[in-house]
Amino acid sequence: GDAGDAAAPKSPGGLKRLDLFRLLGRVVGKAMQDSRLLDVGLSPAFYRAAVGGAALSLPDVAAVDPELGRTLARLDAAAKRVAALRASGAPEAEWRGVTVDGAAVADLCLAFTLPGDDAFELRPGGADVAVDAANLGEYVDAVVDATVGGGVARQLEAFRGGLRDICQPAALGVFSASELERVLCGEGQAWTPELLSECVTFDHGYSVASPPIQALMAVLCAYGPEEQRAFLRFVTGAPRLPPGGLAALHPRLTVVCKQPSGAAGGAAGADGAPISAGTTLADKDLPSAMTCASYLKLPPYSCVEVLRERLGYAVNEGVGSFDLS
(Lines give C-alpha, C1' and ligand atoms only; values in the text may rest on other atoms or scores of the structure.)
Protein backbone atom coordinates (compact mmCIF):
# COMPACT_ATOMS: atom_id res chain seq x y z
CA GLY A 1 0.00 0.00 0.00
CA ASP A 2 0.90 3.67 -0.17
CA ALA A 3 3.33 4.88 2.50
CA GLY A 4 0.87 7.62 3.45
CA ASP A 5 -1.69 4.98 4.39
CA ALA A 6 0.72 3.04 6.61
CA ALA A 7 0.88 3.49 10.35
CA ALA A 8 3.72 5.80 11.37
CA PRO A 9 6.33 4.16 13.66
CA LYS A 10 5.56 4.72 17.38
CA SER A 11 2.51 6.85 16.54
CA PRO A 12 -0.18 7.01 19.26
CA GLY A 13 -3.00 4.61 18.48
CA GLY A 14 -1.28 3.49 15.28
CA LEU A 15 -2.17 6.72 13.46
CA LYS A 16 -1.37 6.70 9.76
CA ARG A 17 1.17 9.15 8.42
CA LEU A 18 -1.43 11.27 6.64
CA ASP A 19 -3.53 11.34 9.82
CA LEU A 20 -0.54 12.73 11.71
CA PHE A 21 -0.09 15.54 9.18
CA ARG A 22 -3.82 16.30 9.38
CA LEU A 23 -3.57 16.38 13.17
CA LEU A 24 -0.55 18.69 12.94
CA GLY A 25 -2.56 21.05 10.75
CA ARG A 26 -5.34 21.18 13.32
CA VAL A 27 -2.88 21.79 16.17
CA VAL A 28 -1.22 24.64 14.26
CA GLY A 29 -4.60 26.17 13.39
CA LYS A 30 -5.84 25.96 16.97
CA ALA A 31 -2.60 27.45 18.32
CA MET A 32 -2.94 30.38 15.91
CA GLN A 33 -6.60 30.83 16.83
CA ASP A 34 -5.93 30.83 20.57
CA SER A 35 -2.61 32.74 20.43
CA ARG A 36 -0.70 29.80 21.88
CA LEU A 37 2.99 29.10 21.27
CA LEU A 38 4.14 25.73 19.94
CA ASP A 39 7.58 24.17 20.20
CA VAL A 40 7.66 22.74 16.68
CA GLY A 41 10.63 22.66 14.35
CA LEU A 42 8.93 23.38 11.02
CA SER A 43 11.22 24.66 8.27
CA PRO A 44 10.48 27.86 6.32
CA ALA A 45 10.14 25.68 3.23
CA PHE A 46 7.32 23.74 4.92
CA TYR A 47 5.47 26.95 5.77
CA ARG A 48 5.78 28.22 2.20
CA ALA A 49 4.59 24.97 0.68
CA ALA A 50 1.89 23.99 3.18
CA VAL A 51 0.41 27.42 3.88
CA GLY A 52 1.43 29.53 0.91
CA GLY A 53 1.13 26.76 -1.68
CA ALA A 54 4.59 27.52 -3.09
CA ALA A 55 6.22 24.97 -5.39
CA LEU A 56 9.52 23.88 -3.84
CA SER A 57 12.69 23.24 -5.81
CA LEU A 58 16.33 22.22 -5.48
CA PRO A 59 17.43 25.14 -3.22
CA ASP A 60 14.68 24.18 -0.75
CA VAL A 61 16.13 20.69 -0.29
CA ALA A 62 19.10 22.23 1.53
CA ALA A 63 16.70 23.86 4.02
CA VAL A 64 15.27 20.43 4.87
CA ASP A 65 18.41 18.27 4.52
CA PRO A 66 21.59 20.39 4.19
CA GLU A 67 23.89 17.48 3.32
CA LEU A 68 21.57 16.14 0.63
CA GLY A 69 21.07 19.66 -0.68
CA ARG A 70 24.80 20.20 -1.07
CA THR A 71 25.24 16.86 -2.83
CA LEU A 72 22.36 17.51 -5.22
CA ALA A 73 23.72 20.99 -5.98
CA ARG A 74 27.05 19.47 -7.10
CA LEU A 75 25.26 16.82 -9.20
CA ASP A 76 22.99 19.47 -10.71
CA ALA A 77 25.99 21.62 -11.67
CA ALA A 78 27.52 18.60 -13.41
CA ALA A 79 24.22 17.84 -15.17
CA LYS A 80 24.09 21.42 -16.45
CA ARG A 81 27.64 21.12 -17.80
CA VAL A 82 26.67 17.90 -19.60
CA ALA A 83 23.56 19.54 -21.06
CA ALA A 84 25.56 22.55 -22.25
CA LEU A 85 28.17 20.36 -23.92
CA ARG A 86 25.54 18.23 -25.63
CA ALA A 87 23.70 21.32 -26.84
CA SER A 88 26.91 22.69 -28.33
CA GLY A 89 27.48 19.47 -30.27
CA ALA A 90 30.49 18.31 -28.22
CA PRO A 91 31.67 14.73 -28.82
CA GLU A 92 30.06 12.08 -26.58
CA ALA A 93 33.40 11.26 -25.01
CA GLU A 94 33.72 14.86 -23.86
CA TRP A 95 30.32 15.23 -22.17
CA ARG A 96 30.53 11.76 -20.67
CA GLY A 97 33.86 12.82 -19.21
CA VAL A 98 32.22 15.45 -16.94
CA THR A 99 33.16 14.70 -13.34
CA VAL A 100 31.71 15.34 -9.89
CA ASP A 101 34.40 16.07 -7.29
CA GLY A 102 36.93 14.47 -9.64
CA ALA A 103 34.95 11.26 -10.23
CA ALA A 104 33.11 10.22 -13.37
CA VAL A 105 29.34 10.12 -12.90
CA ALA A 106 29.18 6.40 -13.66
CA ASP A 107 31.83 5.76 -10.99
CA LEU A 108 29.55 7.24 -8.29
CA CYS A 109 27.59 3.96 -8.40
CA LEU A 110 24.21 5.68 -8.11
CA ALA A 111 20.89 4.12 -9.04
CA PHE A 112 17.42 5.65 -9.44
CA THR A 113 16.54 5.22 -5.76
CA LEU A 114 16.07 7.84 -3.06
CA PRO A 115 19.37 8.57 -1.27
CA GLY A 116 19.30 6.81 2.08
CA ASP A 117 16.39 4.54 1.12
CA ASP A 118 17.20 1.95 -1.53
CA ALA A 119 13.64 0.60 -1.33
CA PHE A 120 12.21 3.92 -2.62
CA GLU A 121 12.54 3.72 -6.41
CA LEU A 122 12.43 7.01 -8.31
CA ARG A 123 11.04 5.25 -11.39
CA PRO A 124 9.72 1.74 -12.04
CA GLY A 125 12.65 -0.64 -11.69
CA GLY A 126 14.84 2.27 -10.58
CA ALA A 127 17.04 0.08 -8.42
CA ASP A 128 18.34 -1.54 -11.61
CA VAL A 129 18.84 1.72 -13.54
CA ALA A 130 22.36 3.13 -13.17
CA VAL A 131 22.91 6.90 -13.14
CA ASP A 132 25.35 8.14 -15.79
CA ALA A 133 26.13 11.42 -17.51
CA ALA A 134 23.23 10.97 -19.94
CA ASN A 135 20.51 10.69 -17.28
CA LEU A 136 22.09 12.64 -14.41
CA GLY A 137 19.72 15.58 -14.86
CA GLU A 138 16.71 13.25 -14.71
CA TYR A 139 18.08 11.71 -11.52
CA VAL A 140 18.51 15.09 -9.80
CA ASP A 141 14.99 16.16 -10.82
CA ALA A 142 13.55 12.88 -9.56
CA VAL A 143 15.26 13.18 -6.16
CA VAL A 144 14.06 16.78 -5.77
CA ASP A 145 10.51 15.78 -6.68
CA ALA A 146 10.52 12.89 -4.22
CA THR A 147 11.96 15.07 -1.45
CA VAL A 148 10.02 18.35 -1.72
CA GLY A 149 7.60 17.83 -4.61
CA GLY A 150 5.24 15.04 -5.57
CA GLY A 151 6.72 12.78 -2.90
CA VAL A 152 5.29 14.95 -0.12
CA ALA A 153 2.22 16.37 -1.90
CA ARG A 154 -0.26 14.16 -0.04
CA GLN A 155 1.26 14.98 3.33
CA LEU A 156 1.10 18.71 2.60
CA GLU A 157 -2.52 18.43 1.49
CA ALA A 158 -3.35 16.47 4.66
CA PHE A 159 -1.79 19.29 6.73
CA ARG A 160 -3.81 21.89 4.81
CA GLY A 161 -6.95 19.82 5.34
CA GLY A 162 -6.37 19.80 9.10
CA LEU A 163 -5.65 23.54 9.04
CA ARG A 164 -8.88 24.18 7.12
CA ASP A 165 -10.82 22.50 9.95
CA ILE A 166 -9.82 25.47 12.13
CA CYS A 167 -9.08 28.38 9.79
CA GLN A 168 -8.53 29.04 6.11
CA PRO A 169 -4.89 28.66 5.01
CA ALA A 170 -5.39 31.66 2.68
CA ALA A 171 -5.93 33.83 5.77
CA LEU A 172 -2.36 33.07 6.80
CA GLY A 173 -1.02 33.99 3.37
CA VAL A 174 -0.44 37.57 4.51
CA PHE A 175 2.46 36.30 6.64
CA SER A 176 5.90 35.46 5.32
CA ALA A 177 7.47 32.17 6.43
CA SER A 178 9.61 33.96 9.03
CA GLU A 179 6.59 35.88 10.34
CA LEU A 180 4.57 32.67 10.66
CA GLU A 181 7.45 31.13 12.59
CA ARG A 182 7.45 34.03 15.06
CA VAL A 183 3.67 34.07 15.48
CA LEU A 184 3.45 30.31 15.98
CA CYS A 185 6.67 29.60 17.87
CA GLY A 186 7.62 32.96 19.37
CA GLU A 187 11.00 34.63 19.14
CA GLY A 188 14.27 35.06 20.96
CA GLN A 189 15.36 38.37 22.47
CA ALA A 190 18.58 39.87 23.78
CA TRP A 191 18.11 40.58 27.48
CA THR A 192 19.57 43.58 29.30
CA PRO A 193 19.25 44.64 32.95
CA GLU A 194 17.11 47.57 31.83
CA LEU A 195 14.72 45.32 29.89
CA LEU A 196 14.41 42.85 32.76
CA SER A 197 13.78 45.68 35.23
CA GLU A 198 10.93 46.97 33.07
CA CYS A 199 9.31 43.67 32.12
CA VAL A 200 9.69 41.47 35.22
CA THR A 201 7.81 41.82 38.50
CA PHE A 202 9.84 41.26 41.68
CA ASP A 203 7.71 40.54 44.73
CA HIS A 204 7.32 38.76 48.09
CA GLY A 205 10.48 40.20 49.62
CA TYR A 206 12.35 41.04 46.42
CA SER A 207 12.85 44.35 44.64
CA VAL A 208 14.97 45.19 41.62
CA ALA A 209 17.71 46.30 44.04
CA SER A 210 17.83 43.01 46.01
CA PRO A 211 21.28 41.37 45.68
CA PRO A 212 19.81 38.00 44.53
CA ILE A 213 17.82 39.83 41.85
CA GLN A 214 20.89 41.71 40.68
CA ALA A 215 22.69 38.35 40.50
CA LEU A 216 19.76 36.81 38.60
CA MET A 217 19.78 39.59 36.02
CA ALA A 218 23.53 39.20 35.53
CA VAL A 219 23.09 35.46 34.91
CA LEU A 220 20.10 35.86 32.56
CA CYS A 221 21.79 38.61 30.52
CA ALA A 222 24.79 36.32 29.96
CA TYR A 223 22.64 33.48 28.61
CA GLY A 224 23.07 32.39 25.01
CA PRO A 225 20.09 31.34 22.82
CA GLU A 226 19.99 27.72 24.04
CA GLU A 227 20.30 28.65 27.71
CA GLN A 228 17.57 31.26 27.28
CA ARG A 229 15.28 28.68 25.65
CA ALA A 230 15.86 26.25 28.52
CA PHE A 231 15.14 28.94 31.13
CA LEU A 232 11.95 30.04 29.39
CA ARG A 233 10.76 26.45 29.08
CA PHE A 234 11.38 25.95 32.82
CA VAL A 235 9.54 29.13 33.88
CA THR A 236 6.83 29.53 31.22
CA GLY A 237 6.50 26.09 29.58
CA ALA A 238 7.39 27.55 26.16
CA PRO A 239 10.95 27.78 24.79
CA ARG A 240 10.53 31.20 23.23
CA LEU A 241 8.76 34.47 23.90
CA PRO A 242 5.64 35.63 22.07
CA PRO A 243 5.96 38.28 19.32
CA GLY A 244 6.90 41.46 21.14
CA GLY A 245 9.32 39.70 23.46
CA LEU A 246 9.33 39.76 27.23
CA ALA A 247 7.02 42.77 27.39
CA ALA A 248 4.30 40.76 25.60
CA LEU A 249 4.52 37.73 27.91
CA HIS A 250 1.23 37.00 29.65
CA PRO A 251 1.06 36.32 32.53
CA ARG A 252 3.94 38.69 33.26
CA LEU A 253 7.15 37.03 34.46
CA THR A 254 7.26 37.28 38.26
CA VAL A 255 10.15 36.42 40.58
CA VAL A 256 9.48 35.99 44.31
CA CYS A 257 11.62 35.14 47.31
CA LYS A 258 11.54 31.47 48.27
CA GLN A 259 12.11 30.92 52.00
CA PRO A 260 15.37 29.01 52.53
CA SER A 261 14.91 25.55 53.96
CA GLY A 262 17.62 26.30 56.52
CA ALA A 263 16.07 29.53 57.78
CA ALA A 264 13.89 27.88 60.46
CA GLY A 265 11.03 30.27 59.70
CA GLY A 266 12.90 33.52 60.37
CA ALA A 267 12.79 36.59 58.17
CA ALA A 268 16.43 37.52 58.82
CA GLY A 269 19.79 35.82 58.56
CA ALA A 270 22.27 35.21 61.35
CA ASP A 271 23.66 38.73 60.97
CA GLY A 272 20.21 40.31 61.20
CA ALA A 273 20.05 41.19 57.47
CA PRO A 274 16.82 40.39 55.60
CA ILE A 275 16.81 36.89 54.11
CA SER A 276 16.07 38.41 50.70
CA ALA A 277 19.46 40.14 50.80
CA GLY A 278 21.13 36.76 50.25
CA THR A 279 22.22 34.07 52.68
CA THR A 280 24.23 30.86 52.71
CA LEU A 281 21.18 29.22 54.30
CA ALA A 282 19.66 29.13 50.77
CA ASP A 283 22.67 27.79 48.91
CA LYS A 284 21.59 24.14 48.98
CA ASP A 285 18.02 24.89 47.81
CA LEU A 286 16.73 24.81 44.24
CA PRO A 287 14.47 27.38 42.56
CA SER A 288 11.03 26.26 41.47
CA ALA A 289 8.47 27.51 38.96
CA MET A 290 4.76 27.61 38.16
CA THR A 291 4.67 27.66 34.36
CA CYS A 292 0.96 28.49 34.13
CA ALA A 293 1.65 31.80 35.93
CA SER A 294 5.20 32.51 34.63
CA TYR A 295 6.21 32.45 38.29
CA LEU A 296 9.78 31.82 39.48
CA LYS A 297 10.37 31.12 43.18
CA LEU A 298 14.03 31.99 43.72
CA PRO A 299 15.91 31.27 46.97
CA PRO A 300 18.05 34.23 48.13
CA TYR A 301 21.42 32.77 47.22
CA SER A 302 24.56 34.18 48.79
CA CYS A 303 26.37 35.01 45.53
CA VAL A 304 26.02 35.02 41.76
CA GLU A 305 28.14 31.86 41.31
CA VAL A 306 25.82 29.80 43.52
CA LEU A 307 22.75 31.25 41.79
CA ARG A 308 24.15 30.38 38.35
CA GLU A 309 24.88 26.78 39.38
CA ARG A 310 21.59 26.17 41.24
CA LEU A 311 19.42 27.79 38.57
CA GLY A 312 21.24 25.94 35.79
CA TYR A 313 20.79 22.62 37.59
CA ALA A 314 17.05 23.23 38.10
CA VAL A 315 16.54 24.36 34.51
CA ASN A 316 18.33 21.38 32.98
CA GLU A 317 17.20 18.66 35.37
CA GLY A 318 13.70 19.90 36.21
CA VAL A 319 12.33 20.48 32.72
CA GLY A 320 9.34 18.27 31.99
CA SER A 321 8.93 17.45 35.67
CA PHE A 322 6.60 18.72 38.36
CA ASP A 323 9.22 18.10 41.07
CA LEU A 324 10.27 21.78 40.96
CA SER A 325 6.83 23.33 40.67
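**Close-up 1. The hairpin of strands S3 and S4 in the predicted model.** Strands S3 and S4 form a hairpin with 2 residues between them, and Gly 116 in the turn has a positive phi of about 90°. S3 (residues 113-114) pairs with S4 (residues 117-121) in the antiparallel sense over 2 bridges; two strands pair if DSSP finds at least two bridges between them. Thr 113 has Glu 121 in S4 as its bridge partner. Strands (E, at least two residues) and helices (H or I, at least four) are DSSP runs, numbered from the N terminus. Residues are numbered from 1 along each chain as its sequence is written. As this is a predicted model, local features need pLDDT of at least 70 and side-chain atom pairs count only at pLDDT 80 or more, while totals for chains, interfaces and linings use all residues; side-chain values use heavy atoms, with hydrogens and water left out.

**Close-up 2. Strand S8 with its partners S6 and S7.** Strand S6 (residues 254-257) runs parallel to S8 (residues 295-298), joined by 4 bridges. Thr 254 has Tyr 295 in S8 as its bridge partner. Strand S7 (residues 288-290) runs antiparallel to S8 and is joined to S8 by 3 bridges, with Ala 289 partnered by Leu 296. The hairpin of S7 and S8 has 4 residues between the strands, and Ser 294 takes a positive phi near 50° there.

**Close-up 3. The packing of helices H4 and H6.** H4 (residues 66-87) and H6 (residues 136-148) pack at an angle of about 150°, with their axes 8 Å apart. This angle makes H4 roughly antiparallel to H6, a term for angles over 145 degrees. Axes are lines fitted to C-alpha atoms, for helices over the stretch in contact, and angles run from 0 to 180 degrees between N-to-C directions.

**Close-up 4. The crossing of helices H11 and H12.** The axes of H11 and H12 come within 9 Å and cross at roughly 75°. H11 is therefore roughly perpendicular to H12, the term for angles of 65 to 115 degrees. Ala 230, Phe 231 and Phe 234 of H11 make the contact with Leu 311, Ala 314 and Val 315 of H12.

**Close-up 5. The buried residues of helix H10.**

Definitions and conventions:
Buried < 20%, exposed > 50% of the residue type's maximum accessible area, 1.4 Å probe, protein only. Parallel < 35°, antiparallel > 145°, perpendicular 65-115°, else oblique. Contact = heavy atoms within 4.5 Å.
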